[in-house]
Amino acid sequence: MPEPLYDVTVAEIGGQRALIVQPSIPDGASDALKNGLAIRRAANVTGHCPGCGARVQMPNRQQRRAAARTGKIIHLAMEHEHGCGALLDGDEAA
Ligand SMILES: [Zn+2]
């Protein structure tokens, strides 16, 4: 059976409950890929990147209320600093 590509984590970010779909860390991955995915996973569940200090950009109250009213999912973004290990450029698989 192939390894799962993603898993789901429930966390609290900025006082809001969040459902996070994250890439799994493959057993056979390179150390660089494992490290990058580990940094990214930690950032995703805490809202704070341990690699570069970036913080997730939370929606404001109006956006959160609108999403709750309409049942829409809010997508959060985190902009990592250049050189952060969480930024995977595809060369890590080797
Ligand atoms: Zn980062």
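Strand β1 is hardly covered: of its eight residues, the number that count as buried is zero. Buried here means 20 or more other C-beta atoms within 10 Å of a residue's own, exposed means 12 or fewer, and partly exposed is in between, with C-beta atoms placed from the backbone. Strands (E, at least two residues) and helices (H or I, at least four) are DSSP runs, numbered from the N terminus. This is a predicted model, so to speak of a local feature takes pLDDT of at least 70 and a side-chain atom pair counts only at pLDDT 80 or more, while totals for chains, interfaces and linings use all residues. Residue numbers start from 1 along each chain as its sequence is written.

The partner of β1 (residues 6–13) is β2 (residues 16–23), and the two run antiparallel, joined by eight bridges; pairing requires that DSSP finds at least two bridges between the strands.

Gln22 belongs to β2. With 15 other C-beta atoms within 10 Å, Gln22 comes out as partly exposed. Leaving aside residues up to four places away in sequence, Gln22 touches Tyr6, Asp7, Thr9, Arg41 and Asn44, where a contact means C-beta atoms, placed from the backbone, within 7 Å. Arg40 is 18 residues from Gln22 in sequence, and their C-alpha atoms are 8.6 Å apart.

Then there is helix α1 (residues 31–46), whose 16 residues should span 22 Å at 1.5 Å a residue; the end C-alpha atoms are 23 Å apart, which agrees. The expected span is 1.5 Å times one less than the number of residues. The buried residues of α1 are Gly36, Leu37, Ile39, Arg40, Ala43 and Asn44. Viewed down the helix axis, these buried residues fall within an arc of 160°, so they line one face of α1; the arc is taken over the directions from the axis to the C-beta atoms. An α-helix has 3.6 residues a turn, so residues three or four places apart point the same way. Part of the cover over the buried residues of α1 is β2. After α1 comes Gly47, with a positive phi near 80°.

Key. Two residues are in contact if their C-beta atoms, placed from the backbone, lie within 7 Å.
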